[in-house]
Structure formats: structure tokens, C-alpha cells
Amino acid sequence: MGAWGELAFDNDEANDWAYGLEDVDDLSLVESALGEIEELGDEYVDQDTGCNALAACEVLARLQGNPGYNNAYTRKVDDWVAAHPFKPSAALLTRAAAALDRVLGEDSELPEVWAEGDANAWRTAVADLRRRLSA
């Protein structure tokens with residue numbers, strides 16, 4: 001994974017995923033990212049699937065008016081959110097919270113990858129995303 005920081009869009013995979021927002025005028029890309037992790041059931045969550053799920057959760061947090069941070073990597077997402085002011089359903093937010101649980105779980109590659117770096121900073125960033133998602 002090409003990552004330069006612990007935030008959801010501080011990696012190549014999430015940024016590539018975010019470019020897909022340009023092709024949709026609904027929450028289908030977000031729902032698809034959450035669906036991918038749900039389809040795994042109890043199977044191992046690879047880092048790409050985990051990164052996309054975190055990016056989808058970040059979109060939902062931003063749609064609720066809780067961006068948390070803005071930088072050059074979030075600009076395309078922030079522009080999309082401004083142009084598509086959807087209110088996420090409670091069911092979609094519940095799915096997002098479950099995806100965060102899976103990404104943080106034992107059968108997930110991202111905690112393993114971050115164990116080699118600054119795991120505390122990454123877990124803090126994900127906890128902040130969870131807080132913004134539920135606010």
C-alpha cells in the first residue's frame with residue numbers, strides 16, 4: 001500500500017477509489033465499497049478493501065457535515081459532497097460502522113500493516129472517523 005499518513009485518504013488505494021465519485025450522482029460507490037466488505041463475511045479483509053471501506057465511511061461523515069480535516073487529497077471528495085448533499089440513511093450509517101469494525105478486526109490486513117508503523121496514530125484516526133460518522 002502506498003501510504004504517506006494515517007488518514008483515510010493518505011494512501012493510493014483510497015485516492016484511486018475517490019476518483020470513481022466523478023462517475024456517480026448517488027451513493028452507489030459508497031454502497032459498493034461497504035458491500036464488498038460485507039460480502040466477505042468472516043473472511044480476511046485485504047488492505048485494498050479496507051482502504052476503500054474507510055474512504056466510503058469518510059464520504060458519509062462528510063455528507064453529515066463532519067469532515068474532520070481537509071487537504072489536497074480530500075478536495076475531490078469535498079467537491080463531490082458539496083455537489084451531492086445527500087443525507088445518509090440510518091441503515092447506511094449502521095453498515096458503515098460495521099465496516100469499521102471489520103477493518104479494525106483480527107481478520108483484517110490494515111491493522112497488520114499499521115503494526116509495522118504508527119498503529120496508535122492510525123487507530124486514533126479511525127476512532128475519529130467513527131466519531132464523525134456517528135455525530
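Mentor: Two groups are in contact when heavy atoms lie within 4.5 Å of each other. The model is predicted. The helix to consider is α4, which spans residues 75–83. Its buried residues are Lys-76, Val-77, Trp-80 and Val-81. Because they cover an arc of only 135° around the axis, these four lie on the same side of α4. The face turned away from that side carries Arg-75, Asp-79, Ala-82 and Ala-83, which are exposed. The cover over the buried residues of α4 includes α1 (12–19) and α3.

The largest contribution is that of α7, with six residues. The pocket holds about 170 Å³ of space. Its lining comprises 19 residues, and those closest to the centre are Glu-6, Leu-7, Ala-8, Leu-54 and Ala-125. By class, 13 of the lining residues are nonpolar, two are polar and four are charged.

Two cysteines complete the account. Cys-51 is buried, at a relative accessible area of 2%, and Cys-57 is likewise buried, at 0%. The sulfur of Cys-57 has its closest cysteine sulfur in Cys-51, at 12 Å, which is too far for a bond; a disulfide would require the two sulfur atoms to be within 2.5 Å. Accordingly, a search of the whole structure returns zero disulfides.

How values were computed:
Residues numbered from 1 in each chain as written. Predicted model: local features only at pLDDT ≥ 70, side-chain atom pairs only at ≥ 80, totals over all residues. Heavy atoms only, no water. 1 Å grid on protein atoms, 1.4 Å probe; cavity = no way out; pocket = protein on both sides within 12 Å on 5 of 7 lines; lining within 4 Å. Points joined across faces, edges and corners; volume = space filled by probe spheres on them. Helix = DSSP H or I, 4+ residues; strand = E, 2+ residues; numbered from the N terminus. Nonpolar A, V, L, I, M, F, W, Y, C, P; charged D, E, K, R; others polar. Buried < 20%, exposed > 50% of the residue type's maximum accessible area, 1.4 Å probe, protein only. Arc of directions from axis to C-beta.
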